[in-house]
Amino acid sequence: MKSQSPSSDRLRLRYLRYLKLECNYSGNTLQAYEHDLDNYFHWLSDHHLTPESVTLPDLEHYVTWVRETGRSANSLARMLSGVRSLYRFMLMEDYIAADPTELLESPTLGEHLPEVLSTEEVDRMEAAIDLSQWQGQRNKTIIELLFSCGLRVSELVSLRLSDLFLDEQFLRVVGKGSKERLVPISESAIKELQMWFIDRNRMRIKPGEEDYVFLNRRGNHLTRTMILIMIKETAALAGIKKTISPHTLRHSFATELLKGGADLRVIQTMLGHESIRTTEIYMHVDTTMLREEILRHHPRNIGKNGQ
């Protein structure tokens, strides 16, 4: 990173310490904030500005510069979220008397509805797995758990045996910000877990890894990248052309709950969303299905359809 003033260095360290200790952000979130913060401080240095001297026109200039670098609206929104967070911290710690981001407009994000898998497609993925391979049952269990419990991939890789309460049919999940929640687990997912444990018990597990549920061939816990690769390869084997990731299974879980009539607040709790607005954005109802339901059940259409 480019050289900064001593005061900016101290501010950066104090702010990152605040995010870690006070906000309790995860390592991945901290890394993203630090990367965006360094880019912002680099820009300030190039324009002979300090964080304390920045005005609203300066920030609007910064937004223009970010756009010109070709970053997407989502990336810009994330970067501005970090800048706003920085200035809220500076205001709280009396670095500044007023927040220059208060009137800064956020970029307009186009509606993006991510891919969703049907239950039949998830079944096809599981059926495509070769259970004669040592990792077959493990992979089938991972897919079933992601789909039936709606876990984030980071939550799945950190899942431990001590988090499983299978007799009571729930999991203890450590989500974003190290917040714990309890998630019900289906009988089918429990059955797949018990089958995986038969294979797992035959493995030589590395010291310190004994409590992790999912392990690789060398006895270490899995990484997010390993699961991403596995999901994509399994989808291809099942003949699924959609661009999917582990998050697709989480989204599919939530979509199926919504279609089944689950209350949005219940889904929010299951997903571990802090704000109901996040859940509202997250939900995707198949518009074709919605149209068919309206045509089938609306009183103005019943006579026309001969019902």
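Tutor: Start with the word "buried": it means under 20% relative accessible area, while exposed means over 50% and partly exposed lies in between. Keep in mind that this is a predicted model. By that cut-off, both Glu 192 and Lys 140 are buried.

Student: What makes Glu 192 and Lys 140 a salt bridge?

Tutor: The test is a side-chain nitrogen of Lys or Arg within 4 Å of a carboxyl oxygen of Asp or Glu. The closest N and O atoms of Glu 192 and Lys 140 are 3.4 Å apart, so the pair qualifies. The two residues are 52 apart in the chain, with Glu 192 in helix 8 (residues 187-200) and Lys 140 in helix 6 (residues 136-149).

Student: How many salt bridges does the structure hold?

Tutor: It holds 11. Another one joins Asp 36 to Arg 78, with closest N and O atoms at 2.8 Å. Asp 36 sits in helix 2 (residues 27-46) and Arg 78 in helix 4 (residues 73-92), 42 residues away.

Student: Why is Asp 36 called buried, and what is Arg 78 called?

Tutor: Asp 36 has a relative accessible area of 7%, under 20%, so it is buried. Arg 78 has 41%, which falls between 20% and 50%, so it counts as partly exposed.

Student: How do you know that Asp 199 and Arg 202 form a salt bridge?

Tutor: Their side chains meet at 3.0 Å, N to O. The limit is 4 Å, so the label holds. Asp 199 has 23% relative accessibility and is therefore partly exposed. Arg 202 has 64%, over 50%, so it is exposed.

Student: Which residues are linked in a network of salt bridges?

Tutor: Arg 12, Glu 34 and Asp 38 are. As a general point, side chains of opposite charge can pair when their charged atoms come close.

Student: What makes the link between Glu 121 and Lys 242 a polar contact?

Tutor: Their side chains are joined at 2.9 Å. Glu 121 belongs to helix 5 (residues 119-127). Leaving out residues up to four places away in sequence, Glu 121 touches Val 116, Ile 240 and Lys 242.

Student: Is Glu 121 buried or exposed?

Tutor: Buried: its relative accessible area is 13%, and the cut-off is under 20%.

Student: Why are strand 1 and strand 3 at the edges of the sheet?

Tutor: The sheet is open, with three strands in the order 1-2-3 and antiparallel pairing. Strand 1 (164-165) and strand 3 (180-184) each have a single partner strand, so one side of each lacks a neighbour in the sheet.

Student: How do you know that strand 2 and strand 3 pair?

Tutor: Pairing needs at least two bridges, and five join strand 2 (residues 170-174) to strand 3, so they pair. Val 174 stands opposite Glu 180 in strand 3.

Student: Where is Gly 175, and why does it count as buried?

Tutor: Gly 175 lies in the loop between strand 2 and strand 3. Its relative accessibility is 16%, under 20%, so it is buried. Beyond residues up to four places away in sequence, Gly 175 touches Arg 152, Glu 155 and Arg 181. Gly 175 and His 273 are 98 residues apart in sequence, yet 9.3 Å apart in space, C-alpha to C-alpha.

Technical notes:
Residues numbered from 1 in each chain as written. Predicted model: local features only at pLDDT ≥ 70, side-chain atom pairs only at ≥ 80, totals over all residues. Heavy atoms only, no water. Helix = DSSP H or I, 4+ residues; strand = E, 2+ residues; numbered from the N terminus. Buried < 20%, exposed > 50% of the residue type's maximum accessible area, 1.4 Å probe, protein only. Contact = heavy atoms within 4.5 Å. Polar contact = N/O pair within 3.5 Å; in protein donor to acceptor, adjacent residues only side chain to side chain.
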